Amino acid sequence: MIEVFQEISREENCELKVKHGSSFSKIISFSPFTDEYKGRKIKFLSLRINYRNQIIDVLNEIGDIKLGKINCTLTKKLKLPEFKIGNRNRFLNLINRNVNLLKINCDNKDFENYIQNSLIELGLEEIAEDSQFEPTINGKQKENYEVTTIYSLSFDRKKDVIKPLINFYKSLIDFSFK
C-alpha cells in the first residue's frame, strides 16, 4: 500500500505522511496483512493534494480499523449539486445486470449523469463489481461544499482504488469551475 502512496506523492508533488504504531489488538498486530515500512508497522498513510487551489485529503487507516477516507472542502465560491453514492444490493444486481452497482442519488439529473460517466471512465464501477469495494461518497453544502468518501480497506483491489478516487475528486473540482 505504501508504494501506491509514494507514487502518488511523487506524481502530485505532495507530502506523504506515515504514522507508525503498534496495534491495539494482539490478533490484528500479528496479521499477515499488516503493512510495514522500514521494519515498523504502519497505522496511517496520508496525502494532502493541492489541485486547482482546492485541497484533497487522503487518509488510509491501515492499522486496526482498515478504513479509507478522502475529503475535499471547496472554497466558498465553488458549488455543486448535493449527491450521495453508495452500493446497490449485490443480490438484486445479479438479477438485473443492466444496472450499475454504484448507486447515485442526486436531484440534478445532468450532474448525476456526469458522476455516473466519471465512475465508469475512471474504473470505479468496475472495481466495485469485481471486488467488495463499497464506498459511501457524499457531496453536501455546509458552510462550504464538502465531498467525503469513506470505504473499508477489506477488499482485494484496495491498491487499485486510490488513484481513481483522487481523479474522481479532480473531476468534481473541474466540474465546479464550469
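Me: Which residues are buried in helix α1 (residues 2-12)?
Reply: In α1, Ile2, Val4, Phe5, Ile8 and Ser9 are buried. They share one side of the helix, because they cover an arc of only 155° around the axis. That arc is taken from the directions from the helix axis to the C-beta atoms. Buried means under 20% relative accessible area, exposed over 50%, and partly exposed in between, with a 1.4 Å probe and protein chains only.

Me: What kind of model is this, and how are residues numbered?
Reply: This is a predicted model, where local features need pLDDT of at least 70, side-chain atom pairs count only at pLDDT 80 or more, and totals for chains, interfaces and linings use all residues. Numbering starts from 1 along each chain as its sequence is written, and side-chain values use heavy atoms, with hydrogens and water left out.

Me: What follows α1?
Reply: Asn13, with a positive phi near 55°.

Me: How many helices and strands are there in the protein?
Reply: The protein has 6 helices and 9 strands. These are DSSP runs numbered from the N terminus: helices are H or I with at least four residues, strands E with at least two.

Me: Switching to Gln116: buried or exposed?
Reply: Gln116 is buried, at a relative accessible area of 16%. Gln116 sits in helix α4 (residues 109-121).

Me: Which residues is Gln116 in contact with, leaving aside neighbours within four places in sequence?
Reply: Asn100, Leu102, Ile104 and Glu125. Contact means heavy atoms within 4.5 Å.

Me: And how much of the whole protein is buried?
Reply: Buried residues make up 43% of the 178 residues.
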